Amino acid sequence: MITLQEQLYDATELVQHARHIVALTGAGISTESGIPDFRSPGSIWQQHPPVSYHDFLHKPEARQSYWATRGSLTKRVMEARPNTAHRALVQLERRQRLLGVITQNFDGLHQDAGHLPERVIELHGTSRFAACTLCGTRSPMSDLQQRIDAGEVDPCCPQCGGFLKAATILFGQRVPARDLTRAKEICEECDLFLVIGSSLKVTPASTLPRLALKRNVPLIIVNLQPTTLDAHADVAIHEKAGIILPQLVNIL
Ligand code: NAD
């Protein structure tokens with residue numbers, strides 16, 4: 001059986017030789033910043049199943065459930081700071097090795113860590129803003145959270161009366177075409193693909209590493225639990241991203 005030391009050696013070799021790296025990140029990269037993921041044992045979705053976009057629009061009880069789980073998450077996201085894994089990806093950018101970060105996260109921690117905004121593609125939107133489901137008007141999430149904390153149960157848009165929610169993508173809601181197109185473009189240009197803290201269970205993000213694999217681009221996965229693509233990866237490390245990522249970039 002291959003040891004962690006050997007895996008690290010193989011992974012750093014791949015990073016050293018790459019010039020156009022793409023990183024796909026999921027909730028797992030931010031757990032060490034204090035934001036829980038949704039799928040690990042004991043996490044939010046085991047207590048409260050996710051609300052679909054259809055149910056959010058059509059069922060008041062679904063919106064209530066959404067806001068009940070959202071409150072504690074919003075506060076954690078507002079208080080969170082980037083960790084060593086986020087900062088390691090910024091080092092890749094500063095050393096001109098990174099094409100971009102495609103993230104399933106809505107926490108804004110990649111930008112806080114210091115990436116150029118255009119290097120980060122937020123496939124699932126952002127929870128720093130609220131958005132109206134009818135007219136699309138955006139407002140700071142902190143303002144909406146204040147309304148909810150003050151007792152509002154089903155907040156609506158002051159412009160048009162549409163339901164307000166975080167500017168994130170719910171199940172059944174489409175990822176904006178321009179974000180997905182940009183993400184696919186960099187997957188077609190990369191020479192190394194990193195998956196960090198993602199179970200690779202959510203489409204369309206989970207399909208992106210396959211674009212690179214089709215071109216025989218090496219794949220490194222850093223995720224606590226096994227993923228669906230481990231068998232196709234050159235290296236699949238089941239360890240904390242905050243411990244592994246700095247070791248992969250420090251040698252550059
Ligand atoms: P996911 O399916 O990508 O699973 C997270 C994975 O991260 C798990 O397989 C877990 O083993 C792994 N992981 C946890 N801590 C880790 C660590 N320290 N290092 C490496 N790997 C680690 O994501 P999910 O939690 O099922 O969430 C589904 C969707 O919900 C996401 O795609 C995202 O859109 C959203 N979400 C975002 C955030 C955020 O913005 N921080 C948090 C929770 C959920």
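At what angle do helix H5 (residues 84-94) and H10 pack, and how far apart are their axes? In this predicted model, the two helices pack at an angle of about 20°, and their axes lie 7 Å apart. The chain that holds them is divided into domain 1 (1-35 + 82-124 + 175-252) and domain 2 (38-79 + 125-168).

**Domains and their interface**

- The centres of domain 1 and domain 2, taken over C-alpha atoms, are separated by 28 Å, and the contact draws on 15 residues from domain 1 and 14 residues from domain 2.
- Between them, domain 1 and domain 2 bury about 1,100 Å², with 49% of that area on carbon and sulfur atoms.
- On the domain 1 side, the residues that lose the most area to domain 2 are Ile35, Phe106 and His124, which together account for 46% of what that side buries.

**Helix H5 against helix H10**

- Angles under 35 degrees count as roughly parallel, and H5 and H10 are therefore roughly parallel to each other; their crossing is left-handed.
- From H5, the residues Thr84, Ala85, Ala88, Leu89, Gln91 and Leu92 meet Ala241, Gly242, Leu245, Pro246 and Val249 of H10.
- Sorted by class, the residues of the contact of H5 with H10 comprise 8 nonpolar and 3 polar, with no charged residue among them.

**Helix H1 against helix H10**

- Helix H10 (residues 241-249) also packs with helix H1 (residues 4-17), here at an angle of about 50° and with the axes 9 Å apart, which makes H1 oblique to H10.
- The crossing in which H1 passes H10 is right-handed.
- H1 contributes Leu4, Leu8, Ala11, Thr12 and Val15 to the contact, while H10 contributes Ile244, Gln247 and Leu248.
- The residues of the contact of H1 with H10 divide into 6 nonpolar and 2 polar, and no charged residue takes part.

**Helix H4 against helix H7**

- Helix H4 (residues 60-79) and helix H7 (residues 141-149) cross at roughly 135°, and their axes come within 11 Å; this angle makes H4 oblique to H7.
- The crossing of H4 and H7 is left-handed.
- On the H4 side the contact is made by Trp67, Gly71, Thr74, Lys75 and Met78, and on the H7 side by Met141, Ser142, Leu144, Gln145, Ile148 and Asp149.
- By class, 5 nonpolar, 4 polar and 2 charged residues make up the contact of H4 with H7.

- Thr203 and Pro204 are joined by a cis peptide bond, for which omega is about 5°, and Pro204 is placed in the loop between strand E7 (192-196) and helix H9 (208-214).
- Leu200, which lies in the loop between E7 and H9, has a positive phi of about 60° although it is not a glycine.

Key:
Residues are numbered from 1 along each chain as its sequence is written. This is a predicted model: local features need pLDDT of at least 70, side-chain atom pairs count only at pLDDT 80 or more; totals for chains, interfaces and linings use all residues. Side-chain values use heavy atoms; hydrogens and water are left out. Axes are lines fitted to C-alpha atoms, for helices over the stretch in contact, and angles run from 0 to 180 degrees between N-to-C directions. Helices (H or I, at least four residues) and strands (E, at least two) are DSSP runs, numbered from the N terminus. Angles under 35 degrees count as roughly parallel, over 145 as roughly antiparallel, 65 to 115 as roughly perpendicular and the rest as oblique. A crossing is left-handed if the near helix is turned anticlockwise from the far one by less than a right angle, and right-handed if clockwise. Contact means heavy atoms within 4.5 Å. Ala, Val, Leu, Ile, Met, Phe, Trp, Tyr, Cys and Pro count as nonpolar, Asp, Glu, Lys and Arg as charged, and the others, Gly among them, as polar. Domain bounds come from an automatic or database domain assignment. Buried area is the accessible area (1.4 Å probe) that two parts lose on being put together, summed over both.
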